[in-house]
Amino acid sequence: MAGPVKTLVALLLLAAGTSRAAAPDFDQGVAVRPALEQARENAGLSDQKAARPEGVEGLEDAVWISVADEDAAALGTESGFPGREVVAAGGGVSVYQARIAELPRLADRMHEKLHKCGGFFTFRTLAAARLALAAVPGAAAAREYSIDQGDRVRPMVAAIDEASLGRVINQLAAYKNRYYTADTGVASARWVADHWKSLAGGRSDISVELYPHKGWAQESVILTMRGTESPDSVVVLGGHLDSIAGWGGDSAVAPGADDNGSGIAVLAEAIRVAVRTGYRPARTVKFIGYAAEEVGLRGSRDIAEAFQGAGVDVQGVIQFDMTAFRGSAEDILLISDYTDQAQNAFLGRLIDEYTDLRWGTTACGYACSDHASWNALGIPASLPFEAKFDEDNPNIHSARDTLAQIGGKADHAVGFARLAAAYLAEMGK
Ligand code: BES
Ligand code: ZN
């Protein structure tokens, strides 16, 4: 049985006959490295990317590029513009297919004719190009996202372990429930804190605290990795640690394996591989297990508002909520509403760069998890989700939300842990 809000929204949408599968808003403010540098890297990695999700038959070295329409028009036919097929367009920018081999020449033409360095962006998949495309008029001061921490990300990604994820999920699901007012809700939060402490391996730059809330017993848990260079700049990786089943409150059996033992497991796994590979962030990184999400995002609202009140400079937030159930053709679905489009586009590029997973976008239709508490304050937040909305785990919020019920393995969560490691290192720099 799904949650009350989800159910209500689904019914309302059904009644209205509307489709929730809203097209993502596009964002132009995804500044990437100079195209040539990126193209070289693409070329170097192209054999690892043999299985591209979208058809590029006969074009082994195909990439997608986005070019401003006025630039394309000014370039002249010699460069293949205009006249090249437009694959997607919006906001005065168009996406084309190109070959890596032709990018140096294109960059030269841009430089000679338009006096632009770079002048176009390259993407490994059409999905990434689409998401980075167009719109948000006037978003000139958009935050810059770049991908250049492969030496840190790859060892972490390689160390992600399905069995470790599965163990955490089962430990959390063993509590009768993790309801925000229940004794077991409190005990399970304290278990998370103790577990994270044990993962920190005595590192002096890592601390773990219980974060108490006014009005209910369950604490949130915050692990802080202090930044080596910009400790006042903060990145947040989060997920809720509470669980719920039906209207049963503190006496219900609510294992919450997928919702959201699986998100807490992803956070733990990112911490584990970060410590194991000796990773130290330049910015301060906070891993947060939120209390009381299932009763109205209350723990995350408290924390987001307290951070804002204290003037904490939060650069970005990623939320992991439901990662263990495979319900759609895509491996990861980026939730397109109540989230930041530029950061979503960046996540798409991270997935393309560091994994061979397929991804897409889907909408919740309402403020469905803790990312929305940050988004409400104007802080860039994203939610990479396990399936398309309505193709997700049908057993959440019931006694049947166990790992055994979804095959007994945490394979699907592995991809999310890889994304968490990539986000950690590329945002933490
Ligand atoms: N993990 C769910 C959100 C969710 C469920 C997203 C299914 C997409 C598909 C979350 O823990 C939850 O249950 N949220 C509540 C809303 C919240 C404001 C109480 C819900 O969806 O009812
Ligand atoms: Zn949840």
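A polar side-chain atom of Asp321 lies 2.9 Å from a nitrogen atom of ligand 1, a polar contact being a pair of N or O atoms within 3.5 Å. The protein covers 95% of the 520 Å² of accessible area that ligand 1 has on its own; such areas come from the Shrake-Rupley method with a 1.4 Å probe. This is a predicted model, in which local features need pLDDT of at least 70 and side-chain atom pairs count only at pLDDT 80 or more, while totals for chains, interfaces and linings use all residues. Residues are numbered from 1 along each chain as its sequence is written, chains are lettered from A and ligands numbered from 1 in the order in which they are written, and side-chain values use heavy atoms, with hydrogens and water left out.

**Around ligand 1**

- There are 21 residues around ligand 1, and Glu293, Glu294, Asp321, Tyr366 and His397 come nearest; a residue is near if one of its heavy atoms lies within 4 Å.
- Glu294 has a polar side-chain atom 2.9 Å from an oxygen atom of ligand 1.
- In the side chain of His240, an N or O atom is 3.1 Å from an oxygen atom of ligand 1.
- Eleven residues of the shell are nonpolar, four polar and six charged; Asp, Glu, Lys and Arg count as charged.
- Helix H1 (residues 4–16) gives the largest share of the shell, three residues; helices are DSSP runs (H or I) of at least four residues, and strands (E) of at least two.
- Domain 1 (2–42) and domain 3 (150–427) each supply at least three residues of the shell, with bounds from an automatic or database domain assignment.

**Salt bridges**

- Side chains of opposite charge can pair when their charged atoms come close.
- The structure holds twelve salt bridges, each a side-chain nitrogen of Lys or Arg within 4 Å of a carboxyl oxygen of Asp or Glu.
- Arg190 and Glu219 form one of them, at 2.8 Å from N to O. Arg190 lies in helix H8 (residues 183–200) and Glu219 in the loop between strand S5 (206–211) and strand S6 (220–225), so the pair ties together parts 29 residues apart in sequence.
- Arg190 is partly exposed at 39% relative accessibility, whereas Glu219 is buried at 11%; buried means under 20%, exposed over 50%, and partly exposed in between.
- Lys409 and Glu162 meet in another salt bridge (4.0 Å, N to O), and these two residues are 247 residues apart.
- Asp148, Glu426 and Lys429 are linked in a network of salt bridges.

Terms used. Polar contact = N/O pair within 3.5 Å; in protein donor to acceptor, adjacent residues only side chain to side chain. Buried < 20%, exposed > 50% of the residue type's maximum accessible area, 1.4 Å probe, protein only.
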